[in-house]
Amino acid sequence: MMLFNMVIRPFLARLDPETAHRLTIRALKCGFGPTVRVADDPRLNIRVWGMDFPNPVGLAAGFDKNAEVFGPMGRIGLGFVEVGSVTPLAQPGNPRPRLFRLPSDRAVINRMGFNNEGADAARANLAQRASKTDRGAASGAIVGVNLGKNKTSEDAASDYSIGTAALSEFADYLVVNVSSPNTPGLRALQSTDELLRIVEAVKTAKRPGPKGVLPPVLVKVAPDLTDEDVADLSVFALSGRESGLVDGLIVSNTTIARPADLKDNAVAEETGGLSGRPLFERSTEVLRDFYRRTEGQVPLIGVGGVSSGADAYAKIRAGASLVQLYTALAYDGPDLVAAIKRDLLARMLADGFTRIGSAVGADHK
Ligand SMILES: Cc1cc2nc3c(=O)[nH]c(=O)nc-3n(C[C@H](O)[C@H](O)[C@H](O)COP(=O)(O)O)c2cc1C
């Protein structure tokens, strides 16, 4: 990783961010990444939805939109990798530029608009995984598939159903993403009536994987929800869990809000979703609210502004069974994953927890 820190990272930081991202994906596909995965400390293992996650730190959606590099990303030590968002049909996304760095804020604004190669391409990439006898073992990571809808589609439930039918057999879990700010009307699908239609369609379309297991379904929400939205969605998630329609929530996507204390003022005016450090407080507050309202009965993935072991641990104590990150990884590079895991372990042990699962929701006890 020395090479990455001394040569590659400064080089990538000078490129426009989308080019840097494309080069990173290409390098990972060509094998410029770790070839083996270092085993995790067993005290970081956690069982959620009947699956054993080697550690609770995962890659958030949007980095590997076409499921091209989940193997190498797993080998940098992530406990799970979420690919997507995948839409049924390929689409180009919004015109460039559409990705902006706010380096003084350790943040990013994006209005990518679900640029991706569509469900058939993602399926072909994921199918390679299924053809390996060890499935996830090559990377050790669990792979989630995040589903979106095409910009021009007028039937959202049908889009999520098509994505599910195409990809569920290769997914360890599925995500119904109704919270990206860059697809017109998408966030309105967070109303419980709309969501019910979608998760029912997803349930009907699900196909079992090689082990005969149907993947759990999670709903990814925005941090810009009102208290009332959080209350409604908590009731929805609790009843969805009972009826087998919803297995968990991912809290949260990027925010359309612009905190008053942003330093990169000029860039902050760009339209799109803000991620990274300025998102941490709000996304953790919403996560905490969901945990409290669902009384810990619905597993939660906490995402938004995680850039250290302290951040990951704070999300776990607030109620996250698992955490994810994206923006901090783009700034700090792959070494960050090991650093977060090391610090997470030290913090949980200092608090007297011998397994990470015991720290989940500790703030509420
Ligand atoms: C460039 C970029 C693209 C993203 N694309 C997606 C996406 O396709 N689907 C999705 O659910 N979230 C997407 N996200 C949101 C992330 O998954 C995550 O929820 C958000 O960035 C907050 O985490 P972070 O602060 O660690 O980056 C994207 C984020 C970024 C920065």
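Rings of Phe, Tyr and Trp (its six-membered ring) are taken to pair if their centres lie within 6.5 Å; planes under 30 degrees apart count as stacked, over 60 as edge-to-face and the rest as tilted. The model is predicted, so local features need pLDDT of at least 70 and side-chain atom pairs count only at pLDDT 80 or more, while totals for chains, interfaces and linings use all residues. Residues are numbered from 1 along each chain as its sequence is written, and side-chain values use heavy atoms, with hydrogens and water left out.

**Aromatic pairs**

Across the whole structure, five aromatic pairs are found. One of them joins F53 and F80 in an edge-to-face arrangement, with 5.3 Å centre to centre and 90° between the planes. Because F53 belongs to strand β2 (residues 51-53) and F80 to strand β4 (residues 80-86), this pair ties together parts 27 residues apart in sequence. Helices (H or I, at least four residues) and strands (E, at least two) are DSSP runs, numbered from the N terminus. Ring pairs link W49, F53, F80 and Y173 into a cluster.

**Helix α5**

Nine of the 12 residues of α5 are buried, so the helix is mostly covered. Among the buried residues are D159, Y160 and L167. At the N-terminal end, D155 caps α5 through a side-chain oxygen that lies 3.4 Å from the backbone nitrogen of A157.

**Ligand surroundings**

The ligand has 24 residues around it, of which A61, S85, G276, G305 and T327 come nearest. By class, this shell holds eight nonpolar, 14 polar and two charged residues; Ala, Val, Leu, Ile, Met, Phe, Trp, Tyr, Cys and Pro count as nonpolar, Asp, Glu, Lys and Arg as charged, and the others, Gly among them, as polar.

| Residue | Part of residue | Distance to a ligand oxygen atom |
|---|---|---|
| N146 | side chain | 3.0 Å |
| G276 | backbone | 2.8 Å |
| Y326 | backbone | 3.0 Å |

Taken alone, the ligand exposes 610 Å², and the protein buries 97% of that; these areas come from the Shrake-Rupley method with a 1.4 Å probe. The elements that give two or more residues to the shell are β4 and β11 (273-276).

Conventions: Buried < 20%, exposed > 50% of the residue type's maximum accessible area, 1.4 Å probe, protein only. Polar contact = N/O pair within 3.5 Å; in protein donor to acceptor, adjacent residues only side chain to side chain. Near = heavy atom within 4 Å.
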